[in-house]
Amino acid sequence: MKQKAVVIGAGIVGLATARALSLKGLDVTVIEKTDKAVGASIRNFGMVWPIGQPAGELHNRAERSKAIWKDIADSTGLAYSETGSIHAAYYDDEWTVLQELYEIFKAEGREVELLDKKGVIEKSGSVNPDNLMGGLYSASEMIVDPRIAIGNIAEYLAEFLDVKFIWGTAISAVENNKVYTGSAWIGADLIFICSGADFETLYPSLFAGIEITRCKLQMMRFKSSVQGYDLGTSLCGGLSLIHYHSFKAAPSLAALKQRYETEMAEYLRYGIHVMVSQNNLGELTVGDSHEYGLTHDPFDRTAINEMILQYLRQFALISDWKLTQSWNGVYPKMVNGASHLFLHPSDNVYILNGLGGAGMTLSFGLAEECINLL
Ligand SMILES: Cc1cc2nc3c(=O)[nH]c(=O)nc-3n(C[C@H](O)[C@H](O)[C@H](O)COP(=O)(O)OP(=O)(O)OC[C@H]3O[C@@H](n4cnc5c(N)ncnc54)[C@H](O)[C@@H]3O)c2cc1C
């Protein structure tokens with residue numbers, strides 16, 4: 001008889017874990033407190049983003065995750081676009097960093113191109129040409145629509161891997177071989193807690209001693225009035241260079257960061273860096289800010305959205321874009337620099353969480369690695 005596993009949480013981490021457990025031969029049930037996933041996993045850009053991960057373990061994990069995304073998408077008909085990404089430079093110091101990164105990434109075997117102004121505009125007609133110096137193109141980035149994708153993955157797991165789902169059921173207690181739904185205990189040989197930003201409800205005393213916090217991000221969605229509008233590739237401005245770990249390898253990054261600290265202090269205060277992706281419906285997702293703390297103001301700051309838009313105009317032509325939505329999302333973030341949290345608080349119980357802003361990029365690969373360790 002198959003061993004039974006229960007996974008708590010149907011965000012991307014829980015789904016990736018359910019997939020990996022099922023492929024290992026376990027009989028898996030996912031239990032989710034809401035009627036469908038409504039957390040960080042459906043509120044994000046949908047960027048599967050290897051360029052942001054440093055060479056080695058994390059970049060390999062991102063590439064493995066991307067391959068799994070494509071496998072699942074090809075089985076389910078989920079749309080995805082391998083648009084790649086451009087980081088555009090408008091200042092000498094940004095251009096210097098991009099040139100350095102190009103050499104480093106090329107040496108690491110990444111598929112990158114250093115583009116002059118004309119080359120950038122050829123990749124995306126939406127790039128603002130004024131003061132544009134050039135850009136770093138990477139072919140590896142991929143976009144999915146998270147609002148569709150997360151539901152699709154659950155359907156895929158149910159249909160192809162026989163994973164069971166119990167929706168609208170909060171787990172309020174976990175013991176070594178069972179979880180409590182509020183009205184019944186469900187038995188399991190293995191329990192995985194993938195509860196995202198709600199990390200402390202189960203095992204509160206454990207989490208009291210863990211270096212983890214929450215990050216709130218503000219996001220916007222636009223639609224272009226131009227029929228068949230095509231962004232070409234995902235676009236990022238210079239501020240993104242100080243956001244992702246992989247860019248730390250550039251020797252001139254510290255100087256660039258220093259200039260931003262002086263000239264763009266308000267942007268850094270709210271952790272703003274600006275990126276735009278386009279989904280298969282043509283919609284443009286723009287963000288984001290990063291505010292850290294255990295408890296967040298539930299309301300959005302208009303000033304943050306205005307700052308994001310102001311910065312976006314520096315590198316994208318957006319006069320035909322119309323704002324259709326704004327929202328925020330919250331993810332758990334390790335404050336000790338770790339890429340995730342994998343804990344084993346008691347017999348048969350594991351916690352997988354804390355992937356920060358890279359859950360869509362890393363979860364599938366990470367879940368496989370963690371389950372292989374058991
Ligand atoms: C605005 C935004 C933009 C982002 N952009 C990107 C991006 O482009 N690329 C990228 O790689 N990453 C991105 N991220 C990060 C990524 O979205 C997260 O890392 C990832 O979604 C976290 O997944 P999760 O499964 O841990 O959390 P969640 O998606 O929040 O899922 C956790 C689930 O657990 C359930 N749950 C909690 N407690 C219980 C309980 N006791 N019983 C039952 N169910 C429970 C919750 O209801 C929830 O559905 C972004 C995040 C945000 C917020």
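The legends below describe close-up views of a predicted model.

View 1. The domain assignment divides the chain into domain 1 (4-63 + 146-208 + 337-373) and domain 2 (85-139 + 212-334). Their C-alpha centres are 28 Å apart. Domain 1 contributes 23 residues to the contact, and domain 2 contributes 22 residues. On the side of domain 1 that touches domain 2, 11 residues are nonpolar, 11 are polar and one is charged.

**View 2. The shell around the ligand.** The ligand has 43 residues around it, of which Gly11, Gly39, Gly196, Gly329 and Gly359 come nearest. By residue class, the shell consists of 21 nonpolar, 17 polar and five charged residues. At least two shell residues come from each of the helices α1 (12-23), α2 (40-43) and α11 (359-373), and likewise from each of the strands β14 (212-224) and β19 (321-334). Domain 1 and domain 2 both give residues to this shell, so the ligand lies between them.

**View 3. The open sheet of β3, β8 and β4.** This sheet has three strands in the order β3-β8-β4, with antiparallel pairing. The edges are taken by β3 (47-48) and β4 (80-81); each has a single partner strand, so one side of each has no neighbour in the sheet. Two bridges link β3 to β8 (residues 142-144) in the antiparallel sense. Within this part of the sheet, Val48 stands opposite Met142 of β8. In general, strands of a sheet pair through backbone hydrogen bonds, in either a parallel or an antiparallel arrangement.

**View 4. Strand β16 and its burial.** Strand β16 covers residues 275-278. Met275 and Ser277 are on one side of the strand, while Val276 and Gln278 are on the other. Both faces are covered, and these four residues are all buried. Side chains in a regular strand alternate between the two faces of the sheet.

**View 5. The pairing partners of β16.** Strand β15 (residues 234-236) runs antiparallel to β16 and is joined to it by two bridges. Here Cys236 stands opposite Met275. Strand β17 (residues 284-287) also pairs with β16 in the antiparallel sense, over four bridges.

**View 6. The β16-β17 hairpin.** What lies between the two strands of the hairpin formed by β16 and β17? Five residues separate them, and Gly282 is in the turn. The phi angle of Gly282 is positive, at about 90°.

Key: Residues are numbered from 1 along each chain as its sequence is written. This is a predicted model: local features need pLDDT of at least 70, side-chain atom pairs count only at pLDDT 80 or more; totals for chains, interfaces and linings use all residues. Two strands pair if DSSP finds at least two bridges between them. A residue is near a molecule or strand if its C-beta atom, placed from the backbone, lies within 6 Å of it. Ala, Val, Leu, Ile, Met, Phe, Trp, Tyr, Cys and Pro count as nonpolar, Asp, Glu, Lys and Arg as charged, and the others, Gly among them, as polar. Domain bounds come from an automatic or database domain assignment. Two residues are in contact if their C-beta atoms, placed from the backbone, lie within 7 Å. A residue is buried if 20 or more other C-beta atoms lie within 10 Å of its own, exposed if 12 or fewer, and partly exposed in between; C-beta atoms are placed from the backbone.
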